[in-house]
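Please look over the structure shown below before reading on.

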Amino acid sequence: MTNWKSYLRAELPPLAADPARQAEIVEELAQHLAELERETVASGATPEEAHAAALAELSNRQALAHEIRRTDRSQPASTPPPIEPSGRFLAGLAQDVRYGCRQLARTPLFAATVVVILALGIGINAATYSVVRNVLLEPLPFRSPEQLTIVWWADKNSTTAFQGSAPVSGPNFLDWRRESCSFEHLVAMAPESVTMTGLGEAERLQGTVTTAGLFEALDTQPSIGRTFRVDDEQPGRNNVAIISDAFWRNRLGADPHVLGRSLTLDGEAHTVIGIMPPGFQHPSPWSVGKPTDVWIPLARDVLKEDGRGANQFIVLGRLKPDVTYAAAQAEMTAISERLVRDYPDVDNPGVALLIPLRQVLVGGLAGGLWMLLVASVLLFVIVCVNVAGLFVARAARRHTEMAIRAGLGASRGRLVRQFATEHLPLCALGATASVAVAVAATRALRAIVPPSIPRIDEIRVDGSVLAITLTLSLVVALLASVVPALTASRRALAEALRQSRGPAASRRGTGRRVLVVAQFALTLVLAHGAALMLRSYWTLRSMDMGFRTENVLTMRLVLSGSRYEELEHAGAFFDETVRRVESLPGVTRAAAINRLPLEGGTNSTATIEGRDPGLGRGPLVETRTITPGYFDAMGIRLISGRTFTDLDGASGSLPVVVVNQAMARQCWPDENPIGKRFRFGEENPWMTIVGVVADTREWGIEEPAIPEAYAINGASPFRQRLSFLVIRTATDPMSLVGAVRREIARIDQDQPVTDIRTMAGVVDTAVAVRRFGTMLVSLFAFTALMLVVAAIYALMSSFVAQRTPEIGVRMALGGTRGGVFRLILSNALMLTGIGATIGLVGVVATAGLARGLVYGISPSDPVTVAGGAALLVVIALAGSLVPAWRAIRVDPVQALRAE
């Protein structure tokens, strides 16, 4: 072994201290270096490697020479240390920066690990915050957005926009607009796609029909031209249009003379009177993710033609500045109650319900987005704990250095400054990298965020996100600097050197054990949430929705033009289309329907034959118009009776319907529904039930099936237009798109085909929001689990290094390798058990948050909780195996010699 006393006397710079003090310092340093050399040899290194490691340790301390000379002076005990001049402070700070950079350069793996962890943790957190902020926190891009409201026609007991609420009928809206005094503007609107012809191939545009005042309510004026006037609502004067900036540029080539230009929409000429500013889109719960290309005036005769019971319009209002929501609600309630008294025969009596526009747009997304933010914050806390553990471990390895500094008079502030100057550059690198991660993650999120989440095009990393990123990095750096420095400064030099080994050293690992336990607890909470969401998603995807999705092609075909204004002519077009498509090779069945499953529908109140009206209103029944073969094409099972045939739609045939099981159970619970009759309204004929089919989900995959009736096209009393083709194929559905398009063009080339999807794609869209949340939370949980593996590995490796002599003694006295192996694993499992116990408390505490975000499973499901705990055990074992393997390979002779 090296004679370190002689080496230090020759190499250590002269100290400004008495000879006895110098001898004491040399003795303590020599003892520490000798012990370090012996430990290195005991761990398997050669004597030459051990000597080189000790020299490296001493080289790290050479930067202390100046500090020791400066601080180790003979001063009276009662004399306070002088205040460091600013010039000397700056010089010392520069020296600390240089020393810290050299330290980091000597440990590039440590530095890279901290930078990567910080970049991932802070970057992912910043990206998630940007999503939540833009969707939930940022005000809507309109003047005084808090005055904007959606007015629903709702049941009297409804308290939210999503409980028993419905759109508004045209006559009710006209009465509201005429009688209310609480609004600056009150407008009705509805999405309505239109077919544009005359500019090459027919094209389907996303349109919105609206009454005058929409743009004034949003306080947005066209960049060119004018908005709608009340006169534009008059029949015959509503053939004008306002177009979006994107449509003007992309489809009309930014024609500077576009005002006054005629566009043929649904076979009628419309004069362009205005162009909206770039990026403008009006807010509507029905058109989230569907940018409007063209706005068309809503004529008053259209508002009146379907009657007071036909709820089909969204009503947007802007309150007057001096009117509160409560006052406006009271006024609208009084008007609604009068309308109910004046029109007692209307099937859907209710009340006007005012809901703030932001609440309507966000809807049920708020809970899921807040859950994502909570999961992101949990991940960030785990990252902070992990980085703190790395810093504490590094400080422990440099404990002797810090103790020497403290013993020679370095103040706590001086030690804190030393650690800060080392850690701040490291955290600055992590923050810089986290900005890049945040930008990349935000772009990735924008690509995968479902279109149903509003304002996704505004998600970005801006100044506020960068400020949060830098603040988080600074907080981590300061905490990681203060804690080790304060700990080191409390220890005396001689005591620290004596405790560099043995039980005291083990006690110094208590802080790291606490940090690892905290990571286990937080990770269990995060992993439990991810497991709940994964199980919910799997439950939804594996449930029976009442139809089969494999090999089913769907496409939208909304007929336009005067020749299809009559439902009979439109029905004949679809009959011919279905006949031609079914003759194509690879097609097994084809049909048409007015609306696809999972995408909402139209409902009416049914009158059951023989049922006493005094017993209450009849059931609310979903209505679907189909062509024969729909049930076969969609794979919907027939439960009893029969389905439709071509004879059911023949002239003079009696109106017949097929109902679902939900309607049969609700209306005829103890009877056979075949042959029973019901109707919608007094003006419609009685319809006879000829079959019962399986329930399908119409209003979303998470919504239960409700009573539903299917009527045949041509004999349907529902008066609904067919809009979708459903084609079951024997091959890849998308391979037949071109052939189907050609057949449709042969019938009428001016009818564009849009929304071409497989039925599996329709289901994917229905679960897109839940899939998005599940994917992100699972990613957070996976990252946390990997950090826990790294933490337990580092802790167990340190444990083995510290107790190598003890392990050697055990094995020399007859201990087995299996016993040593169990010792290491038992320590890891003990920490896991403590962390899991604390984590269970967190799981119980967060059960209320998760209750509204899971489906088909309890938030405190014991199987999921047990699975999470078992996963932690596996993680602990995985992180401990390599250190345990190293422990059982310790050579007892070398370990005892080092001791």
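## A pair of helices

In which hand of crossing does α20 pass α23? In this predicted model, α20 passes α23 in a right-handed crossing, a crossing being right-handed if the near helix is turned clockwise from the far one by less than a right angle, and left-handed if anticlockwise. Contact, meaning heavy atoms within 4.5 Å, is made by Phe-573, Glu-576, Thr-577, Arg-580 and Val-581 of α20 and by Val-740, Glu-743, Ile-744, Arg-746 and Ile-747 of α23.

The axes of α20 (residues 567-582) and α23 (residues 737-747) come within 10 Å and cross at roughly 140°, where axes are lines fitted to C-alpha atoms over the stretch in contact and angles run from 0 to 180 degrees between N-to-C directions.

## The whole chain

The protein chain holds 30 helices and 26 strands, which are DSSP runs (helices H or I, at least four residues; strands E, at least two) numbered from the N terminus. Of its 899 residues, 51% are buried, that is, under 20% relative accessible area with a 1.4 Å probe, protein chains only.

## One buried glycine

Gly-868 is found in helix α29 (residues 862-888) and, at 10% relative accessibility, counts as buried. The C-alpha atoms of Gly-868 and Ala-527 are separated by 6.5 Å, although the two residues are 341 residues apart along the chain.

## Basis of the values

Residues are numbered from 1 along each chain as its sequence is written, and side-chain values use heavy atoms, with hydrogens and water left out. Because the model is predicted, local features need pLDDT of at least 70 and side-chain atom pairs count only at pLDDT 80 or more, while totals for chains, interfaces and linings use all residues.

Key:
Buried means under 20% relative accessible area, exposed over 50%, partly exposed in between (1.4 Å probe, protein chains only).
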